[in-house]
2 protein chains.
Amino acid sequence: MASRAREAQARLAQADSEAKDLLLRSIADALVEHADEIAAANEMDMQAAFESGMPEGLLDRLHFTVERIAATAEGVRAVAGLADPVGEVVRGHNMPNGLRLAQVRVPLGVVGMIYEARPNVTVDVASLSLKSGNAVLLRGGHAARETNRATLRVISQTLAEHGFSSDLVASVDDFGRAGADALMQARGYIDLLVPRGGAGLIRSVVENSKVPVIETGAGNVHIYVDAAADLHKAIPIIINAKTQRVGVCNAAEKLLVHRSVAKEFLPEIARALSAYQVELRADAVSMDIIQAAHDESAIDGLRLEAAGPEDWGTEYLALKMGIKTVDSIDEAIEHINAFSTGHTEAIVSEDYAAIEEFTKRVDSAVVMVNASTRFTDGGMFGLGAELGISTQKLHARGPMGLQELTTTKWIGYGMGQVRP
Amino acid sequence: MASRAREAQARLAQADSEAKDLLLRSIADALVEHADEIAAANEMDMQAAFESGMPEGLLDRLHFTVERIAATAEGVRAVAGLADPVGEVVRGHNMPNGLRLAQVRVPLGVVGMIYEARPNVTVDVASLSLKSGNAVLLRGGHAARETNRATLRVISQTLAEHGFSSDLVASVDDFGRAGADALMQARGYIDLLVPRGGAGLIRSVVENSKVPVIETGAGNVHIYVDAAADLHKAIPIIINAKTQRVGVCNAAEKLLVHRSVAKEFLPEIARALSAYQVELRADAVSMDIIQAAHDESAIDGLRLEAAGPEDWGTEYLALKMGIKTVDSIDEAIEHINAFSTGHTEAIVSEDYAAIEEFTKRVDSAVVMVNASTRFTDGGMFGLGAELGISTQKLHARGPMGLQELTTTKWIGYGMGQVRP
């Protein structure tokens, strides 16, 4: 399959942007046209998942309604509207001997994707891959099998109608676990493998794959409230980052508060978070401050527990937040660089020097200043959609869009030059 | 050691370009000043290598004379003169809600390098790493042990004189093979591992490393002489690419000739290559043409053998060249994409359409048009020096200079924005 995908990709790589964008818009139309069929297939998956006792949060992610299909199709149109990364000249100059050098973007080749039961990912990944001239082999979650099958049928038909090979977007789901294993073994056939899902899935792929992997998604996300923070900005940012959507990688998990504002700020934020049913796991200093305030005037719904050492490295993906009081911005940065997964961190501050220090020294893919960490997202960043959010440093870091699905090629145009 | 390197790197990452360039120029001065000491240490390595029967080509690579030390120091000054990649804004825009996004270049962190007995690599890698804000852990070849020790002593002293930690450039050579193994296991401590040397070394690192690796150097390099080639350009390009330096990765190994010019061109190039003692391994068609010409008028020094199937995938690194006659540019491109290691390929042609076809469809790091493949080199490309030549597609492709030693970080500057 990977060989067939590579052959098909070699032809797609030569297609011009106009042809690729027309294809994507037709895929968007076809998805809307066949939304009832896809939604009906999804109902079968939903029924089976419900009967097997899938938790509500996962059921919600699995649900692919006609409305959500339409929104996903809109995303495909957005990708069609973006600039084509293929052919972009990244650098170039003439060598002293007149040889003209240009480094240009080219597709990676064949991309493999292993993901869990989120049907929109199938469409997002297909559209990004096609636009950037790549073929893609998909291994979706078992729970979304019928939905993915129906979705891929629509994409395959549209590819064929436009004279492209249906090998460009293919699924290995019919091979079950063996399909995922084959993707991980296919060094030389697959250029990049991206796992997207829970920590267990990602770790398993990173440890077992012989194909180069980009790690995505783990997010032990911190917000640091500086001595010079505007506390009126801090509360909505923290509430948004923690509660706007729980269980996603860009949701905040830890709150670090500078000692000089802790007495004023911690009771306020404890009150606000408690109103959203967020359980607090605090270090000793923060615990004392919050408890004292609670004793004085009850904080409704307060659930406060002492944080254990394991809390600082844990991505809760739940209505929980770790809280720590720090003596300095240095301590905040060092704590973050020690415990973060390198996804997204934020500072709330009005102090220019503190912001410079934090943005320079925090070693994560995204650093937000006075804004919610929930903005770390390919769509929000204007990349159209995303293949995932890379938390590693090699090749791609942060939301992966079209550019991250390319590599480069140097071309040297000469007139007979030889090396002296 | 990797932890100490990371601590030292965190401080180097904040150093401004001026301080880093001053450091590099002082290292260059110190190398020249201590060139006698380093050359004396090298004499010990040379003596031991000679006694152990090291082949002449490798002995030449190991030799680090006062003149070569001066040339290497000049390379350090060239790196000091290049623009600092750290801080470069790669992309940026405002989100519709006013959040200002910037993607900036930052150092990778800690780089590991496993290489063979080439003393100049120690200096090249140290200068590129320091300039790009990275720490580096080196595992050099056993045969260059005394040379590397003397070189690193000079670099360490200069680092200390400038207030930088000597942990920034450290060697694991004292730990022997265990040092290399530790580098490969240090996931989370080392951000990138680059093997540079023979195919065996590279394969071993790629297969055993848990740290992300960039493959370098394997070069089964092709030159295609098109139907529309200027044959007067083709001969010097091929002679230069094959013979100017044998045993390097950018030397040409295979020659593909379009059938329509084979009768005219093959006898000429066979004569030219034979004058340089190059042994020819030809397919049946090319063999017949060269043999017929030789029968008619003897080609001095001709060594002609039938190519076996294993020839097409072999990097000779010797005075040998595989020759094949192809029916079309399509056949040439397909042969290259099937057998190349993805390093460098060249086309000799005056036909615009053929050149476009070749440069677009050949899937290698570098494609040369009417120029020698020997130009694929960081120094030649204006990158100052090179860490190696990547033959893979992820993160870096082709000569790796300063930019390839960086990753990026997104920074979002907000005024309290939250996600709706």
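In this predicted model, Ile411(A) stands opposite Val367(B), a residue of strand 13 of chain B. That pair belongs to a pairing across the chain boundary, in which strand 16 of chain A, residues 406–417, runs parallel to strand 13 of chain B and is joined to it by five bridges.

The contact between the two chains involves 67 residues of chain B and 67 residues of chain A. Together the chains bury about 5,500 Å² between them, and 53% of that area lies on carbon and sulfur atoms. Leu394(B), Trp410(B) and Arg419(B) supply 15% of the area that chain B buries against chain A, which is more than any other three residues provide.

Between chain B and chain A, 39 residue pairs are in polar contact, with both residues of each pair at pLDDT 80 or more. Several elements of chain B each supply at least two residues of the side that touches chain A, among them strand 1 (89–94), strand 2 (100–107), helix 10 (231–243) and helix 14 (352–361). Strand 16 of chain B gives the most to this side, with 11 residues. Sorted by class, the side of chain B that touches chain A has 31 nonpolar, 20 polar and 16 charged residues.

Side chains of opposite charge can pair when their charged atoms come close. The structure holds 55 salt bridges over all chains, and six salt bridges are found across the interface of chain B and chain A. Two salt bridges between the chains are listed here.

| Residue of chain B | Residue of chain A | Closest N and O atoms |
|---|---|---|
| Arg91(B) | Glu404(A) | 2.9 Å |
| Lys393(B) | Asp191(A) | 3.7 Å |

The pair of Lys393(B) and Asp191(A) crosses from the loop between strand 14 (389–390) and strand 15 of chain B to the loop between helix 8 (177–185) and strand 6 (192–196) of chain A.

Two copies of a chain are related by a rotation about an axis and a shift along it. Here a rotation of 180° with 0.0 Å of shift along its axis superposes chain B on chain A, with an RMSD of 0.0 Å, and that is the relation of a two-fold axis. In chain B, the C-alpha nearest the axis is that of His395(B), at 1.8 Å from it. The same surface serves both copies, since 100% of the contact residues of chain B recur in chain A.

How values were computed
Residues numbered from 1 in each chain as written. Chains lettered and ligands numbered in written order. Predicted model: local features only at pLDDT ≥ 70, side-chain atom pairs only at ≥ 80, totals over all residues. Heavy atoms only, no water. Contact = heavy atoms within 4.5 Å. Buried area = accessible area lost by both parts, 1.4 Å probe. Salt bridge = Lys/Arg side-chain N within 4 Å of Asp/Glu carboxyl O. Polar contact = N/O pair within 3.5 Å; in protein donor to acceptor, adjacent residues only side chain to side chain. Helix = DSSP H or I, 4+ residues; strand = E, 2+ residues; numbered from the N terminus. Nonpolar A, V, L, I, M, F, W, Y, C, P; charged D, E, K, R; others polar. Pairing = 2+ DSSP bridges. Least-squares fit on C-alpha atoms with pLDDT ≥ 70 in both.
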